[in-house]
Amino acid sequence: MSIYYDTETTKVKRPSSNHRPGSLSTVFTEEQLDILASVMHTKKYSAGTHLFWEGDEANAVYWILKGRVKLRKSTSDGKDLLLSILQPDDMIADIDAWDTTHRYTAETIDQVEVGIIPRLQLEMLMVKYGDFAYRYAMWMGLIQRKTESKLRDLLMGGKTGALASTLIRLCNSFGEKQANHIHIDIKLTNNELAELVGTTREGINRLLASMKKDGIVISEGTGYLKVTDLEALKEMAGCPMCPTCPKEICRL
């Protein structure tokens, strides 16, 4: 039995690269992704299950091949914060040298398939291939910058600016441009929006009602949102006052 893999899983080739901004295929080369896939084994999860819980031992990274995953963080008073929503060609790498446990929970939104890369195997790749280690450091830096930009907007923009920033990031991450609006192709409840913004569901209700009244967003009967005035959201979020964020950074 291998000390590196779960030998009961099935080894597969890596997924096709879609070159979505900020995804693995825009940071790593094709050859490097093939190397990563060579030590990867897959596992499938049904909707509403967990890849891992906050506090579990962190002994692998997860390359999302299919479906979407929510990353949640629990606060000391029992509240949940929704940190991010990941999609295919994203990777969850909640490992470092100082803490061997997961700092957040990963929950599936729909049917999910992930490639599991054991931590030891990842470290061996970085020791063996210096160019791979360099690209991995670039990718970690990108994740750090994205996190810092979200914290900036949440802390300095007020609740209105924080919601506007979150809606812009949703447009960049899941938006589909149509005739006169951007359709956000992911269904989120007002409670989940509140967890993304760090406020209450009642606060989100009031803010969205005001935005709908001003014709900035439209709520579909199916639970999806449409953004009809992206420039107004940018004004609320303070985007004109800041340098333009790269498309890899201004994402959820």
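**Exercise 1. Describe how helix 2 and helix 3 pack in this predicted model.**

Step 1. Get the geometry. Helix 2 (residues 119-128) meets helix 3 (residues 130-156) at an angle of about 115°. Their axes are 5 Å apart.

Step 2. List the contact residues. Helix 2 supplies Leu 122, Leu 125, Met 126 and Lys 128. Helix 3 supplies Gly 130, Phe 132, Ala 133 and Tyr 136.

Step 3. Sort them by class. The contact has six nonpolar residues, one polar and one charged.

**Exercise 2. Classify the aromatic pair of Phe 28 and Phe 132, and state what the pair ties together.**

Step 1. A search of the whole structure gives four aromatic pairs. For Phe 28 and Phe 132, the ring centres are 5.4 Å apart and the planes stand at 35°, so the pair is tilted.

Step 2. Place the residues. Phe 28 sits in the segment before helix 1 (30-38) and Phe 132 in helix 3, so the pair ties together parts 104 residues apart in sequence.

Step 3. Check burial. Both Phe 28 and Phe 132 are buried.

**Exercise 3. Work out which residues of helix 7 are buried and which are exposed.**

Step 1. Take the buried set. In helix 7 (residues 230-237) these are Ala 232, Leu 233 and Ala 237. Down the helix axis they fall within an arc of 135°, so they line one face.

Step 2. Turn to the other side. Glu 231 and Glu 235 are exposed there.

Step 3. Find the cover. The buried residues are covered by elements including helix 4 (158-174), helix 6 (201-213) and strand 12 (225-227).

Step 4. Look past the end. Gly 238 follows helix 7, with a positive phi near 80°.

Notes:
Residues numbered from 1 in each chain as written. Predicted model: local features only at pLDDT ≥ 70, side-chain atom pairs only at ≥ 80, totals over all residues. Heavy atoms only, no water. Buried < 20%, exposed > 50% of the residue type's maximum accessible area, 1.4 Å probe, protein only. Helix = DSSP H or I, 4+ residues; strand = E, 2+ residues; numbered from the N terminus. Arc of directions from axis to C-beta. Contact = heavy atoms within 4.5 Å. Axes fitted to C-alpha atoms, helices over the stretch in contact; angles between N-to-C directions. Nonpolar A, V, L, I, M, F, W, Y, C, P; charged D, E, K, R; others polar. Phe/Tyr/Trp six-rings, centres within 6.5 Å; stacked < 30°, edge-to-face > 60°.
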